[in-house]
Amino acid sequence: MRSIAVPRVWRRYMAASALAFERGHIGVNQVLCVKPHRDGRAEMPRTRAGWPG
């Protein structure tokens, strides 16, 4: 059984992160990974301009 402290700490961490994000102290980065074919080709375009949609 999980203790009550774990969700409490998680909520505080998330609240502090939201505040820091609003104040510009932290940001969000994303990484898109593609599994290449055996010959090294990857079917993902190098730029967003080549993405469908």
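The model is a predicted one, in which local features need pLDDT of at least 70, side-chain atom pairs count only at pLDDT 80 or more, and totals for chains, interfaces and linings use all residues. Residues are numbered from 1 along each chain as its sequence is written, and side-chain values use heavy atoms, with hydrogens and water left out.

I begin with the chain as a whole. The protein chain has one helix and zero strands, where helices (H or I, at least four residues) and strands (E, at least two) are DSSP runs numbered from the N terminus. Its radius of gyration is 19 Å, well over the 10 Å that the globule rule gives for 53 residues, so the chain is more spread out than a compact globule. That radius is taken over C-alpha atoms, and the rule is 2.2 Å times the number of residues to the power 0.38. Along the principal axes, the C-alpha trace spans about 50 × 35 × 20 Å.

Of the 53 residues, 2% are buried; buried means under 20% relative accessible area, exposed over 50%, and partly exposed in between, with a 1.4 Å probe and protein chains only.

I turn now to the aromatic residues. The whole structure holds one aromatic pair, formed by Trp 10 and Tyr 13, with 5.4 Å centre to centre and 35° between the planes, a tilted arrangement. Rings of Phe, Tyr and Trp (its six-membered ring) pair if their centres lie within 6.5 Å; planes under 30 degrees apart count as stacked, over 60 as edge-to-face and the rest as tilted. Both residues lie in helix H1 (residues 5-22), three residues apart, about one turn of the helix. Trp 10 counts as exposed at 51% relative accessibility, whereas Tyr 13 is partly exposed at 48%.
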